[in-house]
Amino acid sequence: MRAFEVDERLGAEAGAKAPASVPPREASQNPWAVAARKLRRDGAAMVSLIVFLVVVALCLSAPLYATYVSGTDPFATNLNGEAVINGQTTPVLEASTEGLGLGMTPIGPTWRIGPYVLGADNQGRDVAARLLYGGRNSLLIAGVATIITLAGATLLGVVAGSFGGLVDAALSRLLDILWAFPIYLLAISLSIVLISKGFDIGPISITSGSLALPIVIIGIVYVPYVARPIRGHVLSLMAQEFVTAAIGLGVPSWRILWVDILPNVATRVIVFIPLMLALNMMTESALSFLSIGVQSPDASWGTIIQDGQGLLYSRPWVALAPGMAIALCVLALNILGDGVRDALDPKSKLR
Amino acid sequence: MLVGLVSRFGQMVFVLVGISMLVFLIFFATPGADPAARIAGRNASQETLAAVRHDYGLDQPLPIQYGMMMKRLFVTGDLMSFVNRGQRVTPMVAAAIPVTLSLVLGAAVLWVLGGLVVGVLAAMTRGRWLDRSLMILSLIGVSMPVFWLGEVANLVTQSRFHDTMLFSWVPALGYKPITEDPAAWFKTLVVPWITLATLYVGLYGRVLRAALIEVLQEDFIRTARAKGLSETRVLLRHGLRSSLVAFVTMFGLDFGALVGGGSLLTEVVFGLQGVGKLTYDAMQNLDLPTIMATVIYASFFIVIASFLVDVLYAVLDPRVRHAR
């Protein structure tokens, strides 16, 4: 609570247009409640939050959909299967009639509730069911990678910013190097080395094809993007009078970190959550599209787009649907991110 | 100024060494598999493995291996691919650079112009319907995965609407060198340019709008208005000028990142044989020497480019010059 009031004053000192004295009504309330109320009044952000939660709920209900609506196993190849469409029995994969007549064309979208709403992919699997299962993986990877990024970045940023000296110099240089590294090339380098054989160091063992691999890779590559601003924030906090006062009073440093620094940093970290989720979803889809993310027969939105690439001109919905799902989620998260930032931290400048 | 430049130069050299060591460690010292087996590619024979071990000095300590690697990349340029037997890596990368540059330069022109138009229009009509719709469109542009947008563009221009007046001029996917046929070069690149630029138009438009709106609160804008200047002139001559600083910094970073591997997804979707596609193909064949080379060359390009941008800044902006 105290930290938050201090933050308000910091803003005023920094020349922001906020009034120098905090209005008594706001100050007397829990700052988190104030932020939550601001967020609730933000219509666009609330709509986005609801859209995102609906998508999450739909993806979580994937097993229900596969059992009761599509009635097929979305992970098993179904090359010789048949489906009943409009009362007629149709093979799921038909010999292609286009071009040389080579290859197979899977069943197209039926656009009615039941099996193959969005058609089948080139293995005869139900695209709609895979879309829901894929969404679970995309959301799971983005979520856990976000936790890794934010936890790692907060730790590094706070340690570097508060210890200073040699520790800060070493960590900052390390972040400089990671920062300069092109994201996709770093991810590719890590994936190519790990994807075939997995990773085995001491107690940590990740088998190849495990979801943990893309999670860890995506979680690591974005650490410097968050750690740098947090370090800067901690440095400026350490120079503030209320920290100097605490040091002068003989408050132990762990207590200064816990009571004065962390609550101030927490607001920054929360602002990053929706933005990192959006960024991580994009990165996951890109890596899976390049076949170094989620491995077949598992699905994610990126892998389904890749599956659909070969069918792009004959059955475009295989690739179109997951891309729309990604765009919808990322859009919702970006709008929500703007809302959260305005509610919590109106003075920060995020790109 | 000189002290600042020297220290910035030292920082650049440090980052270059750090990156090359990191890449080296990823490829040669990650626990899990024998680096020789990784470098030799799939199903390599015992002779190839032995050749790799000898070639890369894998029986020697790590620092010597690192030194040998750097020498092959930057001094002799004779790093060999084992998947495409006997193919030298450095000339392959050199041949791919013009393709990537063509793609990124054209897209950069589009996104700078588009970002300027979107940002200025939105700031001028702040809060009205034009501003709202531009900002929503920008957000949608930022939210679409670029490789997916590329596929949609291919679907429209190569298949569904290829036979209509609108897109019948779009040639098949691939790259034509500008030296051979400038018109074909331009035609093959138009769709990739627009695809790649879409994301950045949204991004730059939003940033510029925010910067303009902030600048328009400043005192010197009030003075300009009080002088009786027209609103357009105030916005373009006074407002835009000082908002461009953020714009230029972003541009330097994004341009470097795109040339250094960021355009990989666009190149893959449109079949352009640039540095990114080279990396992607090498990845499909598990051709590690090629990946190592592209990763190191690309990250060096980014680091050196951002150093040059900083130097340019110090030359142009007296405040930066006297900061240190």
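Q: At what angle do helix H5 and helix H10 of chain B pack, and how far apart are their axes?
A: Bear in mind that this is a predicted model, where local features need pLDDT of at least 70, side-chain atom pairs count only at pLDDT 80 or more, and totals for chains, interfaces and linings use all residues. Residues are numbered from 1 along each chain as its sequence is written, with chains lettered from A and ligands numbered from 1 in the order in which they are written. Helices (H or I, at least four residues) and strands (E, at least two) are DSSP runs numbered from the N terminus, and axes are lines fitted to C-alpha atoms, for helices over the stretch in contact, with angles running from 0 to 180 degrees between N-to-C directions. Helix H5 (residues 89-124) and helix H10 (residues 231-262) of chain B have axes 11 Å apart and pack at an angle of about 150 degrees.

Q: Are H5(B) and H10(B) roughly parallel or roughly antiparallel?
A: Angles under 35 degrees count as roughly parallel, over 145 as roughly antiparallel, 65 to 115 as roughly perpendicular and the rest as oblique. The angle here is about 150 degrees. H5(B) and H10(B) are therefore roughly antiparallel.

Q: How many nonpolar, polar and charged residues does the contact of H5(B) with H10(B) have?
A: Two residues are in contact if their C-beta atoms, placed from the backbone, lie within 7 Å. The contact includes Leu101(B), Val104(B) and Val112(B) of H5(B), and Phe251(B), Phe255(B) and Leu258(B) of H10(B) are among the partners. For the classes, Ala, Val, Leu, Ile, Met, Phe, Trp, Tyr, Cys and Pro count as nonpolar, Asp, Glu, Lys and Arg as charged, and the others, Gly among them, as polar. The tally is twelve nonpolar, one polar and no charged residues.

Q: Is the crossing of H8(A) and H1(B) left-handed or right-handed?
A: The axes of H8(A) and H1(B) come within 9 Å and cross at roughly 15 degrees. That makes H8(A) roughly parallel to H1(B). A crossing is left-handed if the near helix is turned anticlockwise from the far one by less than a right angle, and right-handed if clockwise. For H8(A) and H1(B), the crossing is left-handed.

Q: Which residues of H8(A) and H1(B) make the contact?
A: By class, this contact has five nonpolar, one polar and no charged residues. The H8(A) side is made by Ser189(A), Leu190(A) and Val193(A), and the H1(B) side by Val23(B), Ile26(B) and Phe27(B).

Q: How do the residues of the side of chain A that touches chain B divide by class?
A: Overall, the contact takes 38 residues from chain A and 42 residues from chain B. Elements of chain A that each supply at least two residues include helix H7 (165-180), helix H8 (183-194) and helix H12 (253-289). The chain A side divides into 27 nonpolar, six polar and five charged.

Q: Is Phe28(B) buried or exposed?
A: Phe28(B) is found in helix H1 (residues 2-29) of chain B, and beyond its neighbours within four places in sequence it is in contact with Pro35(B) and Gln65(B). A residue is buried if 20 or more other C-beta atoms lie within 10 Å of its own, exposed if 12 or fewer, and partly exposed in between, with C-beta atoms placed from the backbone. Phe28(B) has 20 other C-beta atoms within 10 Å, so it is buried.

Q: What do the buried residues of H13(A) pack against?
A: Eight of the nine residues of H13(A) are buried, so this helix is largely enclosed by the rest of the structure. Among them are Trp301(A), Ile304(A) and Asp307(A). The partners are helix H7 (146-160) of chain B together with H6, H12 and H14 of chain A.

Q: Where is Ser291(A) found?
A: Ser291(A) has a positive phi of about 65 degrees although it is not a glycine. Most residues other than glycine have a negative phi. Ser291(A) counts as partly exposed because it has 17 C-beta neighbours inside 10 Å. Its place is the loop between H12 and H13 of chain A.
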